[in-house]
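Trainee: I'm new to this one. Could you walk me through how to read it?

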Amino acid sequence: MSDPMNVLAPEHRRLRIGDAWRDAAGGATFAVEDPATGKTIAEVADAGVVDGLAALDAASQAMAEWAATPPRKRSELLTATYRALTERSEEVARLITLEMGKPLAEARGEVAYGAEFFRWFAEEAVRIEGRYNTAPAGGYRILTVPKPVGPCVFVTPWNFPLAMGARKIAPALAAGCTTITKPAAQTPLTMLLLARIMEEVGVPPGVVNVVTTKRSGEVVSALLADRRTRKLSFTGSTEVGRVLLRQAADNVLRTSMELGGNAALIVCADADLDVALDGAMVAKMRNIGESCIAANRIYVEEPVLEEFTTRFAERMGALSVGHGLDDGVDVGALIDEASVNKIDELVAEAVDRGARVLVGGERPDGPGHFYPPTVLVDVPEGAPILEEEIFGPVAPIISFTSDDEVMAKANDTEHGLVGYVFTRDLQRALRFTEGLETGMVGINRGLISDPSAPFGGVKQSGIGKEGSHEGILEYLDVTYAAIDLP
């Protein structure tokens, strides 16, 4: 097995600021571990406030020139990034698996997904349009001019270390903005590799800056307090999102927030159960269940409850667990010990309240942060596992008897990111689409993420959209000119 760390030279495990790869002020570093073994795989620079502000200096200095760069040129650089990621898919995927834990097949899928944002927004870069029209009352003309919002700060999570950065960086660059990305401390290596690839394809210095740090709070706070920052995009928990929104308010920053989820997956009695089972496995187990759009609660209508539950438990129990770089592994390691502890506590508490474990339910001995695929039934209402984001390979199954009942249960949460519905009745599907309080709905499919579709939630699951045409609008301000012309 080749060493995935070979793709990222030691000099590129430092901060990317302006035209340089540099150590953190004072030379501080922190360790990155392989979650499957618990062993350190790299040391990276641990930035402080001075480093964060240096990155903002670089982004600010590069802003005017990048905004003035012809859209076609920006488009070509994004296309070149797409091609480089595609050509180097295997080495990027192996690095993702090494630092994040997901199986290699899933990591390859993430590279393809992340790369597609660069291709999509390369096409959007040349389609940024204003308008010119006669005012309805006559006497003057209305001209609208879209402009890049300015330097952007991105705070990205560990679960998709390439894709979550790509879907922020790509539209920002397409719109003419410069960027500073603060990746999660658990998975900084993939973002550093992306910065290196973008440097190699010719993205100008200062346009893409990467600041790795274990001191996220103080570094991000300093960036948001600086008036040169004009945009914040964050993907992560609702709790952290609330804190960042309060900080962003002081300078009235443009914000995009993709926050927590508590997705309900609804299997109706008239569903094609083969389709529903396939969809449920994807919605629950994609990325080991460590996804904001993972199915958190599986509601199955009473007439098909037994059959669905039996078949779903069989499929969950057949999944193989191990190091993500090993052949034949379906379920890799969770990101850290805290994640395993949380899941173990949620399962134990549900069992204490009367839930039954059909598959899994016990953490294994040995090194690494593993938890087996687990299916629970007879989970009582009010159990924390139905109210908190699980973020792991655990599936509670709950029965329902009517659409009104399950709609009320599905909506009984502060979150509103996504819902999934399996039914062969078109009218029923449309009623659920309109009735679910979510920003997205999967109808007869468990995979909804697509760079060409607007991704985002409602309620406390977020603000704004990523992907699609809406995604680039998050990085554009509009200037209106009233032109006197009788």
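This is a predicted model: local features need pLDDT of at least 70, side-chain atom pairs count only at pLDDT 80 or more; totals for chains, interfaces and linings use all residues.

Mentor: Residues are numbered from 1 along each chain as its sequence is written, and side-chain values use heavy atoms, with hydrogens and water left out.

Trainee: Where does UniProt place the feature "active site"?

Mentor: The unreviewed UniProt entry puts it at Glu258. UniProt positions are in the numbering used here, feature names are shortened, and annotations may be inferred rather than shown by experiment. Glu258 sits in strand β11, residues 254-258. Helices (H or I, at least four residues) and strands (E, at least two) are DSSP runs numbered from the N terminus.

Trainee: Is Glu258 buried or exposed?

Mentor: Buried means under 20% relative accessible area, exposed over 50%, and partly exposed in between (1.4 Å probe, protein chains only). Glu258 has 4%, so it counts as buried.

Trainee: Which side chain has a polar contact with the side chain of Glu258?

Mentor: A polar contact is a pair of N or O atoms within 3.5 Å; within protein, one must be able to donate a hydrogen and the other to accept it, and residues adjacent in sequence count only if both atoms are side-chain atoms. Here, Arg167 is the partner, at 2.8 Å.

Trainee: What is the strand order in the open sheet of 3 strands?

Mentor: Strands of a sheet pair through backbone hydrogen bonds, either parallel or antiparallel. In this sheet the order is β5-β6-β20, with antiparallel pairing; two strands pair if DSSP finds at least two bridges between them. β5 (131-134) and β20 (476-484) are the edge strands, each pairing on one side only. Between β6 (residues 140-148) and β20 there are 9 bridges, and Val145 has Thr479 of β20 as its bridge partner.

Trainee: How many residues of helix α3 are buried?

Mentor: 10 of its 12 residues are buried, so α3 is largely enclosed by the rest of the structure. Among them are Ser89, Val92 and Leu95. The cover includes β3 (29-33), β4 (40-45), α2 (71-87), α4 (104-125) and α6.

Note on methods:
Contact means heavy atoms within 4.5 Å.
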